[in-house]
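Opening the notebook on this one.

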Amino acid sequence: MMDHLVGLAAVSVLAVMEQAYFSLQVVYARRKHSVSPPSTSGPPEFERVYRAQVNCTEYFPIFITVLWIAGLFFHQGVSSLCGLLYLYSRYCYFNGYSQSPQQRRIYAGVDLLDMVSSCLIPDSTPDL
Amino acid sequence: MMDHLVGLAAVSVLAVMEQAYFSLQVVYARRKHSVSPPSTSGPPEFERVYRAQVNCTEYFPIFITVLWIAGLFFHQGVSSLCGLLYLYSRYCYFNGYSQSPQQRRIYAGVDLLDMVSSCLIPDSTPDL
Amino acid sequence: MMDHLVGLAAVSVLAVMEQAYFSLQVVYARRKHSVSPPSTSGPPEFERVYRAQVNCTEYFPIFITVLWIAGLFFHQGVSSLCGLLYLYSRYCYFNGYSQSPQQRRIYAGVDLLDMVSSCLIPDSTPDL
Ligand SMILES: N[C@@H](CCC(=O)N[C@@H](CS)C(=O)NCC(=O)O)C(=O)O
Ligand SMILES: N[C@@H](CCC(=O)N[C@@H](CS)C(=O)NCC(=O)O)C(=O)O
Ligand SMILES: N[C@@H](CCC(=O)N[C@@H](CS)C(=O)NCC(=O)O)C(=O)O
């Protein structure tokens, strides 16, 4: 049973570490641009980093839920691999968004949401 | 073991799809009202949709945690059913809130939080 | 199997109740300072309570994930105990932050993030 889960657990731990990294980036951005809590508004550079972290945080529980259900009911290896791909695309999303709101679109291809929307709206298909 | 979990998993997948639907509504509201990221402020119509999605997102991990613990330790069928009821009430909440902040209250009766507060504050008992 | 999980489940339920408590505090703060939804800005007293709840909510799914993986793969007792410690420190964080943004730092020592940052930045080591 446990063997069956170790890949999912590893990807989950990696996801947690990624979230910690994103949070730390917000802490650094707060220092750099002197935006002290509880404020969340500041120069656009800060707001982009802040929103990138919030957006990734929003999808974190959804990601964990999908990862574990897919891993338990279908195939652990495939799920873990897709999980890794998702985490990598989130990393690109975060870095892209930190630089400019447009950049985030380019890398968001593996994003669950963008997958859906790219199916519905053909002309916005991301080129990842 | 797996049979014992399939109902919970189905409700979880439905919850994920509901969250994806809420997120898409925010994307559409962003387009309609020209509120491009990283901004989250705009006309009241946009802010209501945005806040409705954020509020549902806030309770998503709490919902998943309660669903699975109740399903594992008590009764899968009952938990799944209550889960479906919660998802339906969230759908009503989202639509109500999108129309007006008052509407959201009417439908929020199955909301965990409102259940607690309606126990504590008798005169605000929701009429669901 | 179930025996092996009952401690983790108990801590998770406690975490859910703590989140419900934080949410109720926001509802009360909204009433007290007349900040009606969808607005989230108001007097600093309100914004601190609001941000404290949002910040705790952000870390909730991360906490649940770490708790269960640590409990399943390492030791249930130790994980549950660390979980309780985390919940207590979150309670202190929330109360501290509600009073002043500086207060929150003092109690945030068990915070995952602060643990990381206190390792990286020696002079900001929290004195918990
Ligand atoms: N979303 C958080 C991410 C970083 C974080 O968790 N920071 C901690 C330690 S500085 C905090 O207490 N933030 C205050 C807040 O979120 O309002 C933020 O905006 O600050
Ligand atoms: N809370 C999100 C929900 C929708 C969403 O996830 N949008 C994606 C694709 S347009 C995004 O990158 N949003 C930017 C952001 O959240 O700041 C929002 O406000 O936009
Ligand atoms: N983050 C929430 C926490 C409390 C909560 O969940 N309130 C419910 C019932 S009053 C709500 O519908 N809030 C509206 C919102 O979050 O925009 C808030 O800011 O209000």
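This is a predicted model: local features need pLDDT of at least 70, side-chain atom pairs count only at pLDDT 80 or more; totals for chains, interfaces and linings use all residues.

**Chain B against chain A**

I started with the contact between these two chains: 25 residues of chain B touch 20 residues of chain A.

Next I looked up the buried area. Chain B and chain A bury about 1900 Å² between them, and carbon and sulfur atoms account for 77% of that. I then went looking for salt bridges between chain B and chain A and got a count of zero. For polar contacts, I got three residue pairs between chain B and chain A, both partners at pLDDT 80 or more.

Which helices of chain B supply the side that touches chain A? I noted H1 and H2 of chain B, each giving at least two residues. The largest share comes from H1(B), with 13 residues. Sorting that side of chain B by class, I have 17 nonpolar, six polar and two charged residues.

**Chain C against chain A**

Now the other contact of chain A. Here 20 residues come from chain C and 25 residues from chain A. The area buried between chain C and chain A is about 1900 Å², with 77% of it from carbon and sulfur atoms.

How many salt bridges are there between chain C and chain A? I have zero in my notes. Polar contacts across the interface of chain C and chain A come to three residue pairs, again with both at pLDDT 80 or more.

On the chain C side, I listed helix H2 (44-73), helix H4 (101-107) and helix H5 (112-120), each supplying at least two residues to the side that touches chain A. H2(C) gives the largest share, twelve residues. By class, this side of chain C has 13 nonpolar, two polar and five charged residues.

**Confidence**

I checked the scores for the complex: the predictor gives an ipTM of 0.84 and a pTM of 0.84. Chain A averages a pLDDT of 81, and 78% of its residues score at least 70.

Where does pLDDT stay under 50 in chain A? I marked residues 113-128. For that stretch the model has 26 contacts beyond four places in sequence.

I found a cis peptide bond joining B:Pro37 and B:Pro38, with omega about 5°. B:Pro38 sits in the loop between helix H1 (6-32) and helix H2 (44-73) of chain B. In chain C, a cis peptide bond joins C:Pro37 and C:Pro38, with omega about 5°, and C:Pro38 lies in the loop between helix H1 (6-32) and H2 of that chain.

Then the phi values. A:Ser34 has a positive phi of about 50° although it is not a glycine, and I placed A:Ser34 in the loop between helix H1 (6-32) and H2 of chain A. Is A:Ser34 buried or exposed? Its relative accessible area is 64%, so I put A:Ser34 down as exposed.

C:Ser34 also went on my list, with a positive phi near 50°. C:Ser34 is found in the loop between H1 and H2 of chain C, and at 64% relative accessibility C:Ser34 counts as exposed.

**One last residue**

I finished on A:Pro44, which is in helix H2 (residues 44-73) of chain A. At 49% relative accessibility, A:Pro44 counts as partly exposed, because exposed needs over 50%.

Methods:
Residues are numbered from 1 along each chain as its sequence is written. Chains are lettered from A and ligands numbered from 1 in the order in which they are written. Side-chain values use heavy atoms; hydrogens and water are left out. Helices (H or I, at least four residues) and strands (E, at least two) are DSSP runs, numbered from the N terminus. Buried means under 20% relative accessible area, exposed over 50%, partly exposed in between (1.4 Å probe, protein chains only). Contact means heavy atoms within 4.5 Å. Buried area is the accessible area (1.4 Å probe) that two parts lose on being put together, summed over both. A salt bridge is a side-chain nitrogen of Lys or Arg within 4 Å of a carboxyl oxygen of Asp or Glu. A polar contact is a pair of N or O atoms within 3.5 Å; within protein, one must be able to donate a hydrogen and the other to accept it, and residues adjacent in sequence count only if both atoms are side-chain atoms. Ala, Val, Leu, Ile, Met, Phe, Trp, Tyr, Cys and Pro count as nonpolar, Asp, Glu, Lys and Arg as charged, and the others, Gly among them, as polar. pLDDT is the predictor's confidence in each residue, from 0 to 100.
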